[in-house]
Amino acid sequence: MCLGIPGEIIEILTDRPDLARVDVCGVKRAINIGLLEDEELSAGDWVLIHVGFAMSKIDEREAKAALEFLEGIGQAYAEELAALSESNIT
Amino acid sequence: MTKQGTAAPDQTQANWAEEAVAEHAGAVHLTREEQVLERIDRARRRKARIKEPRITMSHGAGGKASRTLTEAIFLDALANPVLAELEDAASLTIGTAKLAFTTDSFVVSPLFFPGGNIGDLAVNGTVNDLAMSGARPLYLSAGFILEEGFPVDDLRTIVASMAAAAQRAGVTVVTGDTKVVQRGKGDGCYINTAGVGVLERDVPLRAASAKPGDAVLVSGPIGEHGVTIMLCRGELDIEADLESDTAPLHEIAAALLDAVPGVRMMRDATRGGVATILNEVAVASQVSVVIDEAAVPVNPMVNGACELLGIDPLYVACEGRLVTIVDGTQADAALTALRGHPLGTGAAIIGRIKDDPPGLVLLKTSFGGTRIVDLLVGDPLPRIC
Amino acid sequence: MSVRFVDEFRDADKALALSAQIAALCEPGRHYKFMEVCGGHTHTIYKHGLEDYLPDTVQLVHGPGCPVCVIPMGRVDDAIAIAEEPGVIMTSFGDMMRVPGGRGSFFDSNAAGADIRMVYSPLDALKVAQANPDKKVVFMAIGFETTAPSTAMTVLRAEALGLTNFSIFCNHVTIIPAIKAILDSPDLRLDGFIGPGHVSTVIGCRPYEFIAAEHGKPLVCAGFEPLDILQSVYMLLLQLKEGRCEVENQYSRVVPWEGNLKALKVINQTMTLRPYFEWRGLGFISHSALAVNETYAAFDAERIFNVPGVRVADPKACQCGEVLKGVLKPWECKVFGTACTPETPIGTCMVSSEGACAAYYNFGRFTRERVKEATRSVSQPVDIELMPARP
């Protein structure tokens with residue numbers, strides 16, 4: 001029920017500006033963007049979709065920051081693994 | 001006006017729930033986590049019983065409820081050893097001839113969809129049931145139940161498709177029947193088919209034959225038929241460039257059997273999807289089926305649609321894909337044989353059979369964790385074949 | 001073709017790394033209990049086998065955030081009563097179709113002649129109403145604050161279209177009272193919360209501040225991909241280690257701290273808080289659910305139809321209340337797996353695939369060691385030997 005999935009806006013419908021067509025993995029659907037009327041949405045933006053409505057605009061900078069954190073953790077881990085395999089205490 | 005909000009309203013009981021509790025009262029309460037499987041297993045081994053007074057859509061989904069219906073009603077009354085095998089086709093010996101015999105009904109809605117129509121499904125579906133039992137499909141029957149008002153041109157198109165599909169599969173429709181029901185009493189067109197094939201190979205193919213060390217293969221990307229149907233029902237307002245995968249599997253099955261002597265079983269993944277077949281094998285053979293999620297081929301659009309709707313592609317129907325279990329040492333040969341056929345270009349080895357825990361299908365997720373893939377409960381996609 | 005904003009957060013290598021960091025943050029000898037409130041999180045945890053990445057000393061407890069599960073059987077019966085009135089088409093999300101009330105589920109009702117249809121969005125229900133002007137179309141509105149705005153927008157659109165044959169049977173519930181009920185429960189000793197991600201897109205993160213400030217428990221608002229949840233556990237452990245206690249937003253790519261003002265506005269415009277509402281497994285909670293308000297009475301199924309309002313009690317054997325509060329594990333319940341299965345759910349925790357018992361039964365019901373053994377040789381295994389030693 002909390003099912004929310006990211007989708008990319010392909011176009012805002014001209015005759016119904018509260019609707020947009022989104023693409024999720026090649027699958028397209030019209031969704032209602034009325035809850036985000038204060039954002040200025042355009043094609044190429046990513047939104048979180050829940051039961052046919054866009055709930056939030058995905059903040060690409062935050063997403064990037066989140067991924068960088070994970071990369072950083074990954075890097076530290078990889079270095080530790082490398083150190084582990086190189087070290088020889090015998 | 002609702003009484004919700006008034007103080008201490010009347011309280012009643014849910015009789016079905018009280019009965020369920022009473023039925024299991026006296027079962028020893030195994031509390032440790034390790035014993036959970038045992039407890040569930042014991043509960044499941046009880047004799048199948050239908051508790052509902054009426055048929056619901058779950059009974060047609062191919063999952064738990066379908067199985068219970070089959071066991072509690074049909075097997076119970078019609079009891080005989082051939083039926084009890086519950087394979088896709090019955091193996092019969094008449095004199096010196098060994099035959100495979102199967103039947104299937106098609107109630108798909110809509111009747112016409114990208115990649116085919118109910119006619120294609122009808123022929124391919126029955127051909128496949130025969131092919132999966134190792135038989136060479138020969139003869140089909142076709143019974144039609146038509147609704148008053150159904151356009152004759154639509155019927156012409158459906159039957160033309162059947163003729164083409166029959167020719168492609170090398171079978172002949174040798175007998176048939178037509179009935180018409182009043183407007184509103186049938187959904188346009190239902191088709192029932194029966195098929196007969198000859199068992200020329202002496203290779204027993206049964207869900208109970210899987211052994212630890214065996215390999216699990218699938219002949220191509222899964223879920224295309226089910227998702228195509230769901231999307232083109234038009235209720236979900238989703239567009240995608242997807243087609244049903246309906247196809248006759250007799251040639252690819254024969255190619256597999258020719259190349260690989262150690263084929264334990266084959267099934268075409270229809271209602272209930274790949275997961276349903278794997279569960280049947282796990283239970284029938286009392287083995288564990290371990291699948292690698294990353295190895296299961298899925299079209300990205302099928303994935304996208306499933307993500308959007310919260311459905312697992314493993315449970316979504318196909319109509320032209322086979323699942324096979326082969327001797328582990330012959331896995332690569334099997335893969336080569338499947339990939340050598342045009343319908344098998346996307347074939348993959350998706351898992352292995354282990355001995356423990358018996359009766360369960362396990363999935364190693366692409367994330368690296370593990371979970372169980374249980375029998376389908378309920379019906380995410382009504383009437384897809 | 002990879003799925004953006006999804007695949008990156010399902011990367012197994014990063015999971016291993018996070019797992020190592022999580023283990024490193026655990027104090028030796030200390031056990032941690034974090035509650036994930038949201039049913040969607042429960043589902044992700046089991047679907048991806050996330051518990052394999054956590055040390056045995058970190059336990060995830062599943063909370064009451066499954067809006068399908070908490071609907072009392074009596075309300076299902078009420079919905080069926082509406083559906084059985086002549087000329088009614090009931091529309092509902094898929095998850096509700098199988099939930100049994102006192103007499104049966106929506107599926108069973110259809111078998112008995114009702115017309116209850118599955119929809120993906122409340123807007124689809126609106127379309128059914130437009131396509132069937134001679135019928136009364138009712139939408140079974142369920143969900144937390146995540147879904148309430150969508151229902152509200154649909155009611156507003158119905159008004160704009162001048163529809164007279166559309167109404168909603170409102171069963172929306174709110175998350176904060178549920179969390180309060182958990183916090184007030186004496187049996188439970190939690191170290192922190194994994195906060196609901198999508199509810200927060202609407203209400204923001206401020207409403208959780210009392211949890212840290214008054215109850216001394218940290219809360220990290222989490223996304224729904226496996227890495228989101230692992231990172232949130234990491235952030236909670238880091239807070240505990242550093243002696244902090246605050247609300248943090250791990251899901252910042254989607255959740256705005258202040259929430260969605262427009263969403264809150266449309267809820268207020270069309271709905272009002274009920275004085276109290278019964279939550280299955282938790283009992284009556286005040287100001288915890290929404291009803292259609294006076295202004296939009298024309299769209300309120302409870303005013304239009306005769307709703308019986310009878311309460312149906314869970315069997316005495318049902319221990320859902322304790323499982324919901326995280327006091328009992330699913331398998332510790334006396335009827336788990338025997339009388340109570342996903343096919344025959346006795347109580348709320350088994351009813352939807354997000355419920356703790358259903359998720360455990362469907363996905364996880366296994367001693368982890370045995371499962372890891374079995375899956376070890378299938379493909380590149382999770383290399384547990386390289387992770388910090390577990391007790």
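Predicted model: local features only at pLDDT ≥ 70, side-chain atom pairs only at ≥ 80, totals over all residues.

Biologist: Which residue does Arg67(B) meet in a salt bridge?
Modeller: Glu71(B), with 2.9 Å from N to O. Both residues sit in helix H3 of chain B, 4 residues apart, or about one turn of the helix. Arg67(B) counts as partly exposed at 34% relative accessibility, and Glu71(B) counts as partly exposed at 30%.

Biologist: OK, and what does Asp153(B) pair with?
Modeller: Asp153(B) forms a salt bridge with Arg156(B), and their closest N and O atoms are 3.5 Å apart. They are separated by about one helical turn, because they lie 3 residues apart in helix H6 (residues 152-169) of chain B. Asp153(B) is exposed, with a relative accessible area of 52%, and Arg156(B) is exposed too, at 57%.

Biologist: Over to chain C. What is the salt-bridge partner of Arg75(C)?
Modeller: Glu302(C), with the closest N and O atoms 3.2 Å apart. Arg75(C) is in helix H3 (residues 73-83) of chain C and Glu302(C) is in helix H12 (residues 301-304) of chain C, so the pair ties together parts that are 227 residues apart in sequence.

Biologist: Is Arg75(C) buried or exposed?
Modeller: Arg75(C) counts as buried, at 2% relative accessibility. Glu302(C) counts as buried as well, at 5%.

Biologist: While we're in chain C, where does Ser200(C) lie, and what is it in contact with?
Modeller: Ser200(C) lies in helix H8 (residues 197-203) of chain C. Leaving aside neighbours within four places in sequence, its contacts are Tyr208(C), Cys221(C), Val255(C), Pro256(C) and Gly259(C). Ser200(C) is buried, with a relative accessible area of 0%.

Biologist: Back to chain B, then. Which strands form the open sheet, and in what order?
Modeller: There are 7 strands, in the order S11-S13-S9-S14-S12-S15-S16 of chain B, and the pairing is mixed. Strand S11 (263-268) and strand S16 (370-372) stand at the edges with a single partner strand each, so one side of each is left without a neighbour in the sheet. On average, neighbouring strands are turned by 25° against each other, direction ignored.

Biologist: What packs on the sheet?
Modeller: Helix H8 (residues 250-259) of chain B does, touching S11 and strand S13 (322-326) of chain B. The direction of that helix makes about 170° with that of S11(B).

Biologist: And how is S12(B) joined to S14(B)?
Modeller: By 4 bridges, with strand S12 (residues 288-292) and strand S14 (residues 348-354) of chain B running antiparallel. Ser288(B) stands opposite Lys354(B) in S14(B), and Val289(B) has Ile353(B) as its bridge partner there. Another 4 bridges join S12(B) to strand S15 (residues 361-364) of chain B, and that pair runs parallel. In S15(B), Val289(B) has Val361(B) as its bridge partner.

Biologist: Which way do the S12(B) residues point?
Modeller: Ser288(B), Val290(B) and Asp292(B) point one way, Val289(B) and Ile291(B) the other. In a regular strand the side chains alternate between the two faces of the sheet. In S12(B), 5 of the 5 residues are buried.

Biologist: Last one. Which residues form the nonpolar patch on the surface?
Modeller: Ile73(B), Phe74(B), Leu78(B) and Leu83(B), with about 360 Å² of accessible area together. Helix H3 (residues 64-78) of chain B gives the most to the patch, with 3 residues. Phe74(B) is found in that helix and counts as partly exposed, at 43% relative accessibility.

Notes:
Residues numbered from 1 in each chain as written. Chains lettered and ligands numbered in written order. Heavy atoms only, no water. Patch = residues over 30% accessible without salt bridge, like charges linked within 9 Å, V, L, I, M, F, W, Y side chains within 5 Å. Areas by Shrake-Rupley, 256 points an atom, 1.4 Å probe, with all protein chains shown as cover. Salt bridge = Lys/Arg side-chain N within 4 Å of Asp/Glu carboxyl O. Helix = DSSP H or I, 4+ residues; strand = E, 2+ residues; numbered from the N terminus. Buried < 20%, exposed > 50% of the residue type's maximum accessible area, 1.4 Å probe, protein only. Pairing = 2+ DSSP bridges. Axes fitted to C-alpha atoms, helices over the stretch in contact; angles between N-to-C directions. Contact = heavy atoms within 4.5 Å.
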